[in-house]
Amino acid sequence: MRNYMVMTTSTTPTRTPAAPRALGRATGAQLPDALALGPVRLRVRDLERSRAFYEQVLGLRASAGSTAPNALVLEAGDGLPVVILESHPDALPHARTAGLYHVALLYPERAQLARVVQRLVATRTPIDGASDHGTHEALYLPDPDGNGLELAVDRPVDSWPNLADIEAVAPRPLDIENLLETIAGEDVADLAQPAHGVRVGHLHLHVGDLERAMAFYVDAIGFELVTVIDTAAFMSAGGYHHHLAVNTWRGVGAPAPGDDRLGLAAWRIELPTRDEIDAVAARLDSKGVAYERADDGDHAVPLRVRDPWGIALEIALASTPPTDAAPRSR
């Protein structure tokens, strides 16, 4: 393992952040501390090829309840859904548009992430980079269709640097040797076990305009602005380092990706009560943002909205299970 190459990501700027309050908007989160991110929907061309990747490399497992012919629910070892793959055999390739930069799959402990490193080596899967952000350790790679992934584990909260100091959270090389020490002597057969406790930790999106993105995600949806620089902004609820990041690294004015392209079909915020979903709807109404409200039901998504680039966001109760198929518009 000592010949394993470690690279840091080259696309994360390291500039001095502007003060969030200087942007003239509230910095306190209007979303509840108990917010969690639900499963993401990704468009892929070949379900079986993608299934092999997500199972053999990332440790997820196809749900026994996945019955739709054109979608596949992938779960963590504890049975909770993490990724829903949607089959689009004729989808257009990725382009310089708004859309997914990466989705972060958050592992609950360093040993779980170390096992992923072992799987990457065993399957000869290349990575784009590996970084230590102070708040979390991460590896970066594409799935078979080029959908960006971050595989991460959080450091203890009491060790986090000042989140508003971009220099303090600037990426450093990940110490993979130290990470692998957490599973030293472990039976390689354990690599075949599913990864337990994996969740979506955060989304990072390409957008065409930073101010428009913050007006939508901070002012209308209700995230707290944690850190902002001239080309990227990081937002969260409950004091987390970030549930959402947006950047203009594909250029100011980047166009909408369209629903016929590989990438992110939708992502999900889960809130503990319907009152909190109603509060999001009220903010959207006050900003004149259109949204869809689904009928109540066991598999309903209470609220569905698109950001200025058409990126779909579902806001649902934490107990609302996803379906194999994408929600229908009303």
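This is a predicted model: local features need pLDDT of at least 70, side-chain atom pairs count only at pLDDT 80 or more; totals for chains, interfaces and linings use all residues.
**Exercise 1. The surroundings of Asp307**

Which backbone nitrogen does the side chain of Asp307 reach, and at what distance?

Solution. 

Step 1. The side chain of Asp307 reaches the backbone nitrogen of Trp309, at 2.8 Å.

Step 2. Locate the residue. Asp307 sits in the loop that runs between strand E17 (303-306) and strand E18 (312-317).

Step 3. Look for a charged partner. Asp307 is buried and has no salt bridge. Its nearest side chain of opposite charge is that of Arg306, 7.5 Å away. A salt bridge requires a side-chain nitrogen of Lys or Arg within 4 Å of a carboxyl oxygen.

Step 4. Look for polar partners. The side chains of Asp307 and Tyr217 are joined by a polar contact of 2.8 Å.

Step 5. List the contacts, setting aside neighbours within four places in sequence. Asp307 is then in contact with Phe216 and Tyr217.

**Exercise 2. The nonpolar cores**

Which residues of the largest nonpolar core touch the most other members? Name the element that gives this core its largest share.

Solution. 

Step 1. The largest nonpolar core has 78 residues, and those touching the most other members are Leu105, Leu203, Tyr217, Ile221 and Trp267.

Step 2. Helix H4 (residues 210-221) supplies the largest share of this core, eight residues.

Step 3. Apart from this core lies another, of eight residues, including Leu106, Ala138, Trp160 and Leu163.

Step 4. Take Leu105 as an example. Leaving aside neighbours within four places in sequence, its contacts include Leu58, Leu60, Val82, Val83 and Val198. Glu150 and Arg199 are also among the residues in contact with Leu105.

**Exercise 3. The whole chain**

How many helices and strands are there in the chain?

Solution. 

Step 1. The chain has five helices and 18 strands.

Step 2. Of its 330 residues, 52% count as buried.

Step 3. The accessible surface is about 14,000 Å², and carbon and sulfur atoms account for 50% of it.

Step 4. Among contacts between residues at least 6 apart in sequence, 73% join residues at least 24 apart.

Notes. Residues are numbered from 1 along each chain as its sequence is written. Side-chain values use heavy atoms; hydrogens and water are left out. Helices (H or I, at least four residues) and strands (E, at least two) are DSSP runs, numbered from the N terminus. Buried means under 20% relative accessible area, exposed over 50%, partly exposed in between (1.4 Å probe, protein chains only). Contact means heavy atoms within 4.5 Å. Accessible areas come from the Shrake-Rupley method with a 1.4 Å probe; for residues, only the protein chains shown count as cover. Lys and Arg count as positive and Asp and Glu as negative; His and the chain ends are not counted. A polar contact is a pair of N or O atoms within 3.5 Å; within protein, one must be able to donate a hydrogen and the other to accept it, and residues adjacent in sequence count only if both atoms are side-chain atoms. A nonpolar core is a set of buried Ala, Val, Leu, Ile, Met, Phe, Trp, Tyr and Cys residues joined through side-chain atoms within 4.5 Å.
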